[in-house]
Amino acid sequence: MSERANFGSRLGVILATAGSAVGLGNVWRFPYMAGQNGGAAFIVIYLFCVLMLGIPCMVSEFIIGRNAQANTARAYAHASGGNKFWTAVGAMGVITGFLITSYYAVISGWCLQYIYASGVGELKGDASYVKEYFNNFMTDPVLPLFWTVVFFAATHFIITRGVRGGIEKASKLLMPLLFVLLLVIVGASCMLPGAGKGIEFMLLPDFSKVDGNVCLGALGQSFYSLSIGMGCLCTYASYFSRETTLLKSAVQISLIDTLVAILAGLMIFPAAFSAGIEADAGPSLIFITLPTVFQQAFASMPFIGNIVALMFYALLALAALTSLISLHEVSTAFFHEELHIRRRWAATIVSVGCGIIGCCCSLSLGAWDGLQFFGMPLFDFFDYVTGQIFLPVGGFLTCLFIAWRMDRQVVRDQFTNWGTVSLGFYNVYLLLMKFVCPLAILAIFLHQMGVF
Ligand code: PHE
């Protein structure tokens, strides 16, 4: 065990794991969810979900991963004494990771196209022009595949350099860069005339829009954003040292993740309100609404709109890259350890395998629109199956595993770092894991399945 790779520093642990959490979920999904669900009121509920459910579930994945010092499938097998069912639950995490990696890289590739397009000024035009631009690009048989492959190449390059020299080093470089870009755009956006209304929308809660749907939406978003439910955190935790305090790290990572989500809102809403464009556009907000927002908001300043747009898509690509690395690592660690092959080969299997599936996903939106499952293009199908089914089921089973199956002493030792951290929160944590978290996740899941 002693030669197993690990993160070299506390900062490395925090930045790499926060890099996994901070992704398209923060910059793309969070603002449109908040926009559609009442702004500040949604954010208040979201914060509550992160605190009461997200952080405890994150700690649970950390416990399973650090205890086993192995990939997710083996971690569940190890802690359950080789039980077939629980091993399959761990393996399901790896499969989920593999599938998400495939289509996440496609969306990441779109960011690269938009970096290019903002750079050369191709995104100039009214809203209907940008919409057509996006549709033409997305259905093009070659261009999106090209960018997907470029994204995989970058991820592969970092992953093959190992845990410390690749993942940790890249995170230490990319995360601060992401923060700088974020702050610059927030500053530019909040200084626009009329931006105050957008800031108000983000910060003054109006609870009249809140209903069960909004609460469940917030819960689902908190899990997605914190990368919970598919063994990603478990894999990273297997590289934590004995000194890493799990609860403290989970709190710090969640804080960074939440801060980035709120800053992403402060980047988008003030500009949208200033340009007089509705911010509740849904998933198309980033690729269709936003280019128009930037252009109109900065219309009086030549080039500034382009530069801000370019910085925005660069930021989105960076956030996506650090998340994709963590997704890729779940499968890479699995193949590396289970097939007893070199890390480089394991990473190659994942890059090529996910690359091929990713290209099929991309083509299913255009050139191969016959590639459908259950009436959805392959791309939407994967997004649906992983996000709406595998993640909640994985999260739910993980709670049950920790609370009812795993050796209580192991859980306690991991939680308290073998007695060096006080027991204070341990009992609260157990209570949340036994009842509150599984019931809450079950509620989202049944809701998404349309049961109520
Ligand atoms: N948390 C990432 C985001 O916010 C998505 C993700 C989910 C990454 C699951 C890894 C695992 O975009």
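Residues are numbered from 1 along each chain as its sequence is written, and side-chain values use heavy atoms, with hydrogens and water left out. Because the model is predicted, local features need pLDDT of at least 70 and side-chain atom pairs count only at pLDDT 80 or more, while totals for chains, interfaces and linings use all residues.

**Stop 1: the largest pocket**

A pocket here is an open set of points on a 1 Å grid over the protein atoms alone, with protein on both sides within 12 Å along at least five of seven lines; lining residues have an atom within 4 Å of a point. Grid points are joined across faces, edges and corners, and a volume is the space filled by probe spheres set on the points.

Next, colour the helices (DSSP runs of H or I, at least four residues, numbered from the N terminus). At least two lining residues each come from H2 (24-36), H5, H6 (127-139), H10 (212-225), H16 (378-405) and H18 (426-448). H16 gives the largest share, 8 residues. The lining divides into 21 nonpolar, 9 polar and 3 charged residues; Ala, Val, Leu, Ile, Met, Phe, Trp, Tyr, Cys and Pro count as nonpolar, Asp, Glu, Lys and Arg as charged, and the others, Gly among them, as polar.

**Stop 2: the largest cavity**

Now select Ser20, Tyr104, Tyr224, Ser227 and Leu327, which lie nearest the centre of the largest cavity, out of 16 lining residues. Helices H1 (10-21), H5 (84-120) and H14 (304-338) give two or more residues each to this lining, with the largest share, 3 residues, from H14. A cavity is a set of grid points where a 1.4 Å probe fits but cannot get out. The volume is about 170 Å³, and the model has 4 cavities of 30 Å³ or more.

**Stop 3: H5 against H15**

Show H5 and H15 (residues 343-363), whose axes come within 8 Å and cross at roughly 60 degrees. Axes are lines fitted to C-alpha atoms over the stretch in contact, and angles run from 0 to 180 degrees between N-to-C directions. H5 is therefore oblique to H15: angles under 35 degrees count as roughly parallel, over 145 as roughly antiparallel, 65 to 115 as roughly perpendicular and the rest as oblique.

To finish, select Phe98, Thr101, Ser102, Tyr103 and Val106 in H5, which meet Val350, Gly353, Cys354, Ile357, Gly358, Cys361 and Ser362 in H15 (contact means heavy atoms within 4.5 Å). The contact residues divide into 7 nonpolar, 5 polar and no charged.
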